[in-house]
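Let me put the sequence and the model up, and then we'll walk through the packing.

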Amino acid sequence: MFGMTALQAAGLWSGLLVLVLLVLSVQVVMTRRRQRVILGDGADQTMIVAARRFGNAAEYTPVAMGALILLALLGWQAWVIHLIGAAFFLGRVIHPLGLAFGKGPPPARVFGMTLTWLPLLAAALLLIVCPLIGMTPA
């Protein structure tokens with residue numbers, strides 16, 4: 001991990017995030033087969049949860065990947081990319097675990113979403129504020 005360029009770091013975290021999406025996708029297919037739901041969710045709670053676990057990741061992950069790549073292309077150091085990428089990745093691993101257990105917002109779900117939103121917010125601020133104030137990456 002040390003000695004990577006920023007773009008390599010963005011590639012690492014993007015690749016790991018794609019793997020998370022693949023795991024969640026396989027879980028949807030397995031749930032679909034187990035619950036015998038061919039299309040949609042079949043009004044089956046297990047199927048609904050599996051689909052939302054994947055859907056939630058699919059909604060946030062492309063945005064994070066794009067932000068990581070843009071930050072790298074703009075010249076931010078690899079440690080910044082690793083920090084944002086690792087936090088987001090951890091959030092995307094923790095969130096589906098929390099979503100799978102019970103009703104209401106269990107702590108893992110809340111923590112997972114926090115670790116999704118905070119890195120996205122950090123990336124957004126770096127992408128928006130720094131050019132506006134003329135700050136360039138170190």
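Which residues in the largest nonpolar core touch the most other members? Before I answer, the housekeeping: this is a predicted model, where local features need pLDDT of at least 70 and side-chain atom pairs count only at pLDDT 80 or more, while totals for chains, interfaces and linings use all residues. Numbering starts from 1 along each chain as its sequence is written, and side-chain values use heavy atoms, with hydrogens and water left out.

So, the answer: Leu68, Leu71, Trp76, Ile81, Ile84 and Leu126, in a core of 16 residues. By core I mean buried Ala, Val, Leu, Ile, Met, Phe, Trp, Tyr and Cys residues joined through side-chain atoms within 4.5 Å, and buried is under 20% relative accessible area, exposed over 50%, partly exposed in between, with a 1.4 Å probe and protein chains only. Two or more residues each come from helix 1 (6-35), helix 2 (45-73), helix 3 (78-99) and helix 4 (107-133); helices are DSSP runs of H or I, at least four residues, numbered from the N terminus.

Now look at Trp76. Leaving out residues up to four places away in sequence, Trp76 touches Ala6, Leu71, Ile81, Leu126, Cys130, Met135 and Pro137, where contact means heavy atoms within 4.5 Å. There's also a second, separate core of 5 residues, including Leu17 and Phe88.

Next, His95, over in helix 3. Buried or exposed? Buried, at 3% relative accessible area.

Last one: Val129 in helix 4 is partly exposed, at 34%.
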